[in-house]
Amino acid sequence: MIKDLAKHLFPRVVLGENLKLRYTFCLGGLAFTCLLVLATTGLLLLFYYSPSPSGAHGSIQFFERAVWGGRYLRSLHRIASHALLVLLALHTLRVIQTGAFQRPRKLNWVVGCLLLFLCAFEAYTGYLLPMDQLAFWATETGMELLRALPLGGAIRAVLVPDGVGGPLSLLRFFALHVAVIPLVVFSLSMLHFFVIRRQKGLLPYL
Amino acid sequence: MANVPRTRRAALEAIGLAALGAAGLWRFLTPRAGTVDATPEALRIREEEVPSEGALVLPQFGLAVVRRGTEFLALDLACTHLGCTVTANAGGFACPCHGSRFSASGDVLNGPAPRALHQLAIERGGGVLRVPRGRGASGKVACVHGAPEGREA
């Protein structure tokens, strides 16, 4: 089973009829491809990014100006992040439209929802990192909105202990963005795919 | 893995691709050395660095150097409205914050900016321009990257 999953997400023998694109439009697969692109470009961005309020913006300007492929890689990271959220939203819609959230696939629906929220949060934490005016004020707005929620003040105190743009806050957003959330997202994605594979026989294309 | 062709050609292609990847990674990891000599107070820019059409824009130092015939003009990139760093475009400069537009010589074309872009004093000598750093680079959020001297482009 594990070996099967490692080698083929789908069984070795599938009817041609059942490989039709319209079953899923491959939206989940495309979203995961975006995630891989984000991981790769993000890893390269890590070589030059400096997570301090005084150094962050300059390090990104330096990356775009002096590093070969810097502007391209940063744009790719940004565009892939937009594409990921769009594809995840469409994937969720497809699941709702086809009723794929019903029993016995409830577990995967819950895991998928968690992934959707985590990816949105991942995008939000990445938004602050360039430390330009847009990043600063967008994050400030988000953190002010949080006050309206129950326990919002406590979450805010954990996320931005010294206010948006403070050294500790930037470092926390950075840690969440490059380590904590990606780790959880990739683990949950593996669970997501494992459950699809385990439920073979349930669907025409598995 | 049974279907992977184990031919000499495939091996050579794989080695070629790996070499290309390694070369790209090497180039990525060795950033271009800068041509602007920067000290904390001023920049030294060689005159031939300034293009005859357009301007040498140095957002990391908050200034742009414009050639006007045989004369040079150094403009502070801090918008005279609320201090955002303006960006260079084909016709001059534009402020991303509130839409002010400036001509290539820094005069206000439209928008909320009340005055032309601040001009910085240039000292010329021996084909080298000595320009003080602009205010645009010392704002609260946009800061100068602490790269080693001479690494800035």
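## Close-up views of a predicted model

**View 1. Helix α2 of chain A passes helix α4 of chain A in a left-handed crossing.** The model shown here is predicted. Helix α2(A) spans residues 27-46, and helix α4(A) spans residues 70-97. The two pack at an angle of about 155°. Their axes lie 8 Å apart. Angles over 145 degrees count as roughly antiparallel, and α2(A) and α4(A) are therefore roughly antiparallel to each other. The residues of this contact between α2(A) and α4(A) comprise 17 nonpolar, six polar and two charged.

**View 2. Four strands of chain B form an open sheet.** The strand order is β6-β7-β8-β9. Pairing in this sheet of chain B is antiparallel. Strands β6 (87-88) and β9 (108-110) of chain B sit at the edges. Each of these edge strands pairs on one side only.

**View 3. Strand β6(B) meets strand β7(B) over two bridges.** Strand β7 of chain B covers residues 92-94. Its pairing with β6(B) runs in the antiparallel sense. Look for B:A88: the bridge partner of B:A88 in β7(B) is B:F93.

**View 4. A disulfide joins B:C84 to B:C97.** The count over all chains comes to one disulfide. From S to S, B:C84 and B:C97 are 2.0 Å apart. The link is left-handed, with -100° about the S-S bond. B:C84 lies in the loop between β5 (71-76) and β6 of chain B. B:C97 lies in the loop between β7 and β8 (101-103) of chain B. The pair so ties together parts that are 13 residues apart in sequence. B:C84 is buried, at a relative accessible area of 13%. B:C97 is partly exposed, at 32%.

**View 5. A:C119 is in no disulfide.** The nearest cysteine sulfur to A:C119 belongs to A:C34. That sulfur of A:C34 is 10 Å away. A disulfide needs two cysteine sulfur atoms within 2.5 Å. A:C119 is buried, with a relative accessible area of 8%.

**View 6. B:C79 is in no disulfide.** Here the nearest cysteine sulfur is that of B:C95. It is 3.8 Å from B:C79. The cut-off for a disulfide is within 2.5 Å. B:C79 is buried, and its relative accessible area is 5%.

How values were computed. Residues numbered from 1 in each chain as written. Chains lettered and ligands numbered in written order. Predicted model: local features only at pLDDT ≥ 70, side-chain atom pairs only at ≥ 80, totals over all residues. Heavy atoms only, no water. Axes fitted to C-alpha atoms, helices over the stretch in contact; angles between N-to-C directions. Parallel < 35°, antiparallel > 145°, perpendicular 65-115°, else oblique. Left-handed = near helix turned anticlockwise from the far one by under 90°. Nonpolar A, V, L, I, M, F, W, Y, C, P; charged D, E, K, R; others polar. Pairing = 2+ DSSP bridges. Buried < 20%, exposed > 50% of the residue type's maximum accessible area, 1.4 Å probe, protein only.
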